Amino acid sequence: MSPFSLTEDQIAIRDMAQDFAAETLAPHAARWDEEKHFPIEEMRAAAALGMGGIYIGDDVGGSGLTRLDAALIFEALSTGCPTVAAYISIHNMCAWMIDRYGSQEQRQQFLPKLCTMEHLASYCLTEPGAGSDAAALKTKAVLDGDHYVLDGQKQFISGAGVSDIYVVMARTSEAGPGGISTIVVEKDTPGLSFGANEKKMGWNAQPTRAVIFENCRVPVANRLGPEGIGFKIAMAGLDGGRLNIGACSLGGAQGALDRSLAYAKERKAFGSAIADFQALQFKLADMATELEAARSLLWRAAAALDAKTPDATKLCAMAKRVATDTGFEVANHALQIHGGYGYLADYGIEKIVRDLRVHQILEGTNEVMRMIVARGLVGRAKGN
Ligand SMILES: Cc1cc2nc3c(=O)[nH]c(=O)nc-3n(C[C@H](O)[C@H](O)[C@H](O)COP(=O)(O)OP(=O)(O)OC[C@H]3O[C@@H](n4cnc5c(N)ncnc54)[C@H](O)[C@@H]3O)c2cc1C
């Protein structure tokens, strides 16, 4: 299949997600943002349609789809609400880490409830002192019999406090990436607690909290793979996560562009519709062109990840940077086209701008994406 033409199945998957977004997410997105409501029932309805374990094996309830299918789904979902789509994306990333690196027992233990979203998952890498330099993380997991004892703090964790499953990167030995392991921590484990829900610019329909470990005892049986490969697992998860978050930017921006087109045809100034002004037509043309270019790169990166080509990580980083920068710029242009009304909450455009802004920061900042690409060109920079 060429990444530039979709199969009938892919069109059907995309249309299904698009319909779900229009019927179940879009009508409530503004209220969820205002009320900071995390719509768990609606996410479970998405999971019932196969979106809780998109690229998870079907033996544990997953949909067994490809990364390109996932990109189509997340772009479509985001036309309804980028924040909810992005949380579903993080949940899928965690489920995949368990699917790919977990034992058969761990897969059977955790994945069926994750695929239905009866259980929600959070990805715990960032710490107060370790963001872009994630391998500097300090949360400790010290072996004590058949348990690890975890101490430390994770910062900015999406879904924290509500999620049932925490996929935690913790230090089991020496400094650096080789001393990190991935451990699954269940919500009710004694010694696990959460910070306050952060007040944020956007992404208000999902909670963001610190995750705190104090003498938190977790069975060794909850470690994914052998000790010392946790950083590799975390980065492998992010390859796909970055595609998904890029797709969320495309969907949010496409929604903003579509509304701008409709608005520009209706809104009158100087005796004609503003869509009649060539300056505005050129802006709309550029928005559509930039989005299409970003989408093409994203699909290419998704196809590379599906084919497991050696350049897949680099392409995912390229696509994340381009899609999230483009998505934000397009949404911001859409706000401008709406004039003063774009700045009002009622029109829904300023929410998209606020939601898409953080996609340039998380799952690796767009500077970190450039570092990943540059490493392949000129080697590692000093200190990186
Ligand atoms: C709403 C929200 C949700 C999040 N959800 C999660 C989550 O679920 N799980 C999780 O683990 N994390 C999550 N994060 C954390 C996010 O991944 C980090 O914020 C991000 O990786 C950046 O880390 P930092 O904030 O510590 O910034 P820093 O690493 O301190 O970076 C500050 C600035 O310096 C730049 N910089 C750093 N190093 C370099 C360099 N070598 N060269 C050039 N520029 C550089 C960065 O690009 C950035 O602009 C979330 C963040 C937010 C805001």
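1. An N or O atom in the side chain of T365 sits 2.7 Å from an oxygen atom of the ligand, a polar contact (a pair of N or O atoms within 3.5 Å). The protein covers 67% of the 970 Å² of accessible area that the ligand has on its own (Shrake-Rupley method, 1.4 Å probe).

2. A word on the source: this is a predicted model, in which local features need pLDDT of at least 70 and side-chain atom pairs pLDDT 80 or more, while totals for chains, interfaces and linings use all residues. Residues are numbered from 1 along each chain as its sequence is written, and side-chain values use heavy atoms, with hydrogens and water left out.

3. Backbone atoms also meet the ligand. A backbone N or O atom of Y123 is 2.7 Å from a ligand nitrogen atom, and a polar backbone atom of F156 is 2.8 Å from a nitrogen atom of the ligand.

4. Around the ligand there are 18 residues (a heavy atom within 4 Å). They divide into nine nonpolar, six polar and three charged (Asp, Glu, Lys and Arg count as charged; Ala, Val, Leu, Ile, Met, Phe, Trp, Tyr, Cys and Pro as nonpolar; the others, Gly among them, as polar).

5. Do look at L344, in the loop between α10 (339-342) and α11 (349-357).

Definitions and conventions. Helices (H or I, at least four residues) and strands (E, at least two) are DSSP runs, numbered from the N terminus. A polar contact is a pair of N or O atoms within 3.5 Å; within protein, one must be able to donate a hydrogen and the other to accept it, and residues adjacent in sequence count only if both atoms are side-chain atoms.
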